[in-house]
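Here are my notes for someone opening this structure without any background. Keep the sequence beside the model and go through the points in order.

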Amino acid sequence: MSLFAARLHLPGQTKVPLNVEIDITDERLELTSGGQQFADWPLEELDVVLRQDGFHFKVDTEDVVLNVADSKQFAEALGITDTESAPQHGKGNTIAPLNTSTLHLLSFDDMKLRISRVEEALTSEEVSPPEAFAQWLKLLKEINRRHGQGSIATHHFYELNTQLLDLMPAPGPGAQH
């Protein structure tokens, strides 16, 4: 098992990188952010090219760049030994055209998963109402922050906000205004 801290972004874009943790184990590469796993890829399905701006990954049609804190050890964990010559690992040796939906989809899927966890907390007898509300409010703020930074597409932002706001019950007849 090898763990690495990194920043994930799209090729050609560095404005809103996503802090991630990379775990390479059992011939798989897993990416997590904020404690939530959002990618799990077999190493043999990855195209990896080391370039000056980071490690370029292609899986199916998705392209991402990882800037890894310890790039030499990361390259070794992937089986790349000559980091000077921009080697490849995996089934191919080219990077596909930029797919601008990658970070938006990662953020969107991550947020949907976190909304389901907040929903569980709101209905759980093990989580106090103030604690569940704090989780709900924190996630609402994060969704709004990420949209403001451009890492969540507007249509996804509206869907996530609506889903999150729908979790809160309407005030009852005895509620004070």
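1. Start with E159 and K112, whose side chains meet in a salt bridge at 3.3 Å, N to O. E159 sits in helix α4 (residues 154-165) and K112 in helix α2 (residues 102-123), so this pair ties together parts 47 residues apart in sequence. By salt bridge I mean a side-chain nitrogen of Lys or Arg within 4 Å of a carboxyl oxygen of Asp or Glu. Helices (H or I, at least four residues) and strands (E, at least two) are DSSP runs, numbered from the N terminus.

2. Before going on, a word on where this comes from. The model is predicted, so local features need pLDDT of at least 70 and side-chain atom pairs count only at pLDDT 80 or more, while totals for chains, interfaces and linings use all residues. Residues are numbered from 1 along each chain as its sequence is written, and side-chain values use heavy atoms, with hydrogens and water left out.

3. The scale here calls a residue buried under 20% relative accessible area, exposed over 50% and partly exposed in between (1.4 Å probe, protein chains only).

4. How many salt bridges does the structure hold? It has three. One of them joins E142 and R114 at 2.8 Å, N to O, linking helix α3 to helix α2 across 28 residues of chain. E142 is buried, with a relative accessible area of 14%, and R114 counts as buried at 16%.

5. R28 and D40 also form a salt bridge, with their closest N and O atoms 2.8 Å apart. This one connects strand β3 to strand β4 (residues 36-42), and its partners are 12 residues apart. R28 is partly exposed at 28%, and D40 is partly exposed at 31%.

6. Now the strands. Strand β1 (residues 2-9) and strand β2 (residues 18-25) run antiparallel, joined by seven bridges; A6 has V20 in β2 as its bridge partner. β2 also pairs in the antiparallel sense with strand β3 (residues 28-33), over five bridges, and here D23 stands opposite E30. Two strands count as paired if DSSP finds at least two bridges between them. The hairpin of β2 and β3 has two residues between the strands, and D26 there takes a positive phi near 50 degrees.

7. Which rings come together? The structure holds five aromatic pairs. With ring centres 5.4 Å apart and planes at 25 degrees, F133 and W136 are stacked. Both lie in helix α3 (residues 129-149), three residues apart, which is about one turn of the helix. F133 counts as partly exposed at 37% relative accessibility, whereas W136 counts as buried at 8%. For the terms: rings of Phe, Tyr and Trp (its six-membered ring) pair if their centres lie within 6.5 Å, and planes under 30 degrees apart count as stacked, over 60 as edge-to-face and the rest as tilted.

8. F157 and Y158 make a tilted pair, 5.5 Å centre to centre with 55 degrees between the planes. F157 counts as buried at 9% relative accessibility, but Y158 counts as exposed at 53%. Finally, look at F4, F55, F57 and F74, which ring pairs link into a cluster.
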